[in-house]
Amino acid sequence: MTESIVVASHLTKRYDSKKALDHLDVVIPAGRIVGVLGPNGCGKSSLFRAITGLIRPDEGELHVLGQKPGWETNRRISYLPDRARWYPNHTVQQTLEWGQSFLPGFNMKDAHKLADHMDVELELKMTGLSRGQEARVLLILCLAREVPLMILDEPFAGIDILSREAIVAGIIDYLQDRQQSILISTHDIQEVEGLFDYTVMMDRGRVIWSGDSDDLRAEHGSLNQVFRNLYKKEWKA
């Protein structure tokens, strides 16, 4: 595993006249659980899509797993986006079988353990799942892959509190012994900030602070409080 999992320099992405990423610079160390935090529209999802190769930056340099993003790096990344599409007539088990067929590093034994832990019934059809159940299946597809880099983009968005608790418990239980780099963006910081040993704070398409989470807590308090102050524009790097 490379010493740094992601290295970005002057990374810029425009959508018409709007800059989603604005000369962003960041170095994210490997083997850490990283919270990528910031208000809506700060560029978190665009950064993740650039890392996975789903979008190409207009300017700057980006290296992931020691290479420029492409097919080779994408096979080594497990990405949970903020939305997904399903084959509606598939059962959960058939969806997992699809994952086993198409997703490199997918481990069906781990997927079944996660489904049991998060109370997901394998015989249910995808079309009949609640939003919370659907989120759990998506997370299972992501977590069950044995790859160097995992990216979870807002895994709790719009999810009821019971489902969030099941998802958080699944993440904590599953990641305890895994040697992976994990990037997680979320607004539900209070529930999961204990997971993060490294933090990247973003605003207006730029990284305004990055470093060990304990250093940020020591200087400003909890990550949740830092986020609240940032959102109110009261906290400055």
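User: Rings of Phe, Tyr and Trp (its six-membered ring) pair if their centres lie within 6.5 Å, with planes under 30 degrees apart stacked, over 60 edge-to-face and the rest tilted. What does the count of aromatic pairs come to by this rule?

Analyst: The count comes to one aromatic pair. The rings of W98 and F102 have centres 5.9 Å apart and planes at 35 degrees, so this pair is tilted. The model is predicted, so local features need pLDDT of at least 70 and side-chain atom pairs pLDDT 80 or more, while totals for chains, interfaces and linings use all residues. Residues are numbered from 1 along each chain as its sequence is written, and side-chain values use heavy atoms, without hydrogens or water.

User: Where do W98 and F102 lie?

Analyst: Both belong to helix α3 (residues 92-102), where they are four residues apart, about one turn of the helix. Helices (H or I, at least four residues) and strands (E, at least two) are DSSP runs, numbered from the N terminus.

User: Okay, sheets now. What is the strand order in the sheet of six strands?

Analyst: That open sheet runs β5-β6-β7-β3-β8-β9, with mixed pairing, where two strands pair if DSSP finds at least two bridges between them. β5 (77-80) and β9 (206-212) stand at the edges with a single partner strand each, so one side of each has no neighbour in the sheet. From one strand to the next, the twist averages 15 degrees.

User: And in which sense do β6 and β7 pair?

Analyst: Strand β6 (residues 149-153) and strand β7 (residues 181-185) pair in the parallel sense over five bridges, and D153 has S185 in β7 as its bridge partner.

User: Which strands does helix α1 lie across?

Analyst: Helix α1 (residues 44-51) lies across β3 (33-37), β5, β6, β7 and β8 (198-203), at about 150 degrees to β6. Contact means heavy atoms within 4.5 Å, and angles run from 0 to 180 degrees between the N-to-C directions of axes fitted to C-alpha atoms, for helices over the stretch in contact. Helix α5 (residues 131-143) lies across β5 and β6, running at about 170 degrees to β5.

User: What about the sheet of three strands, in what order do they come?

Analyst: The order is β2-β1-β4, an open sheet with antiparallel pairing. Neighbouring strands are turned by 20 degrees against each other on average, direction ignored.

User: How many bridges link β1 and β2?

Analyst: Strand β1 (residues 4-15) and β2 pair over eight bridges, in the antiparallel sense, and A8 stands opposite V26 in β2.
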